[in-house]
Amino acid sequence: MSEKKIVLKSSDGKTIDVAKAVALQSQTITHMVEDSCVGNEIPFENVTGQVLAKVIEYCKKHVVVDGETLTCKTVAHVIHTRTIDEIRTFFNVENDYTPRKKQ
Amino acid sequence: MGISELSDELLIKILSFLPTKDAVSTSILSKQWEFLWMWLPKLEYTSRYYLESTCERLKCFLDRNLPLHRAPVIESFHLEFGAKQFKPEDIKLWVLTAVSRNVRELEISQIYSLSLPNNIFPSSLYTCKTLVTLKLNGDILMDVPRMVCLPCLITLRLVRVTYLNEDSLQRLLSNCSVLKDLSVERGLFDNWRKFIAIVPSLKRLNFRTAHDLDEIVIKTPSLKYLDFTYYSSMIHHCLIEI
């Protein structure tokens, strides 16, 4: 899986490359990505390069995305949004319960 | 590669990201899934149990399954309900099981109910060595035994709680040696006339009452944050040392 990178541009013209997963730890950046993405570059008109660097530093420390956790969360999401039958089909789970005989 | 090839440990991790109700329902997927949810350390039964019928089903479910829970430590047990359909004995038994499994966080909320307060706690709760967070909201009666000791309790929230004895709350607070965060909100029908909090470790205190007390004593030398709301014009004695 190739990492998507985005470029953040500060008010004083400095650019910082950062992996998308890292940048999206910040709510503010997430909103800006949604609102104003010019190619891959996101302008921060009110933030200097120094401050932006600090923000990214913080985001890097708080990335919770290890592959296993991400996979587990994704699977959990599938389970959460589907019926039992749909889950069985989606994940190819065979129902090996023997049906109860009616008494 | 199907999901059935994953280890039980990984499947349990997947379940840990689901609301308890969803995790439980996976037990009918196949035999492999039958008991996996019983290894979950966090159990939350909230916000759906306001109807008599759903409460009845939950009661049967918990009576049958909670004693069989396989996780050696129940990290958190959170029960929220709206009706007064659970008998005190029911809740007492569930709390007893959670305490016997070294519960760390216990949260019980009873919303939309105006009934006489019920004693829902086993005495073992008051000497639970592992309890870190206790949050109570509802018509709950606390019968604090003489030998109360909660050596790990850091966060305590008591909303609308009443006490069997006048000095119950004071005794409880005095035996929480590491308590940092206390939040107390009086209900409309409680019975207490005094609020005495002598807690050297306390850093945050929220206190709210809409009707009067005879006496307030707060001695909390480590306090950093205080939110004190007293909607009444009468107080006989008030001493606050922070």
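Trainee: Which residues of chain A does UniProt list for "domain: SKP1 component dimerisation"?
Mentor: Residues 70-99 of chain A, from an unreviewed entry. Keep in mind that this is a predicted model.

Trainee: What is the secondary structure over residues 70-99 of chain A?
Mentor: That stretch is 63% helix and 0% strand. Its end C-alpha atoms lie 35 Å apart.

Trainee: Now helix 3 of chain A. How many residues does it have, and what is its reach?
Mentor: Helix 3 covers residues 49-61, so to speak 13 residues. From first C-alpha to last it reaches 19 Å, close to the 18 Å expected.

Trainee: Which of its residues are buried?
Mentor: Gly49(A), Leu52(A), Ile56(A) and Cys59(A). Seen down the axis, the buried residues of helix 3 of chain A fall within an arc of 80 degrees, so they line one face.

Trainee: And which exposed residues does the face turned away from the buried side carry?
Mentor: Gln50(A), Lys54(A), Tyr58(A) and Lys61(A).

Trainee: Switching to chain B. How many helices and strands?
Mentor: Chain B has 5 helices and 14 strands. Its C-alpha atoms fill a box of roughly 70 × 35 × 30 Å along the principal axes. Of its 242 residues, 47% count as buried.

Trainee: Where is Lys87(B)?
Mentor: In the loop between strand 2 (76-81) and helix 4 (88-100) of chain B.

Trainee: How far is Lys87(B) from Cys176(B)?
Mentor: They are 89 residues apart in sequence and 29 Å apart in space, C-alpha to C-alpha.

Terms used: Residues are numbered from 1 along each chain as its sequence is written. Chains are lettered from A and ligands numbered from 1 in the order in which they are written. This is a predicted model: local features need pLDDT of at least 70, side-chain atom pairs count only at pLDDT 80 or more; totals for chains, interfaces and linings use all residues. Side-chain values use heavy atoms; hydrogens and water are left out. Helices (H or I, at least four residues) and strands (E, at least two) are DSSP runs, numbered from the N terminus. The expected span of a helix is 1.5 Å times one less than its number of residues. Buried means under 20% relative accessible area, exposed over 50%, partly exposed in between (1.4 Å probe, protein chains only). The arc is that of the directions from the helix axis to the C-beta atoms. UniProt positions are given in the numbering used here, feature names are shortened, and annotations may be inferred rather than shown by experiment.
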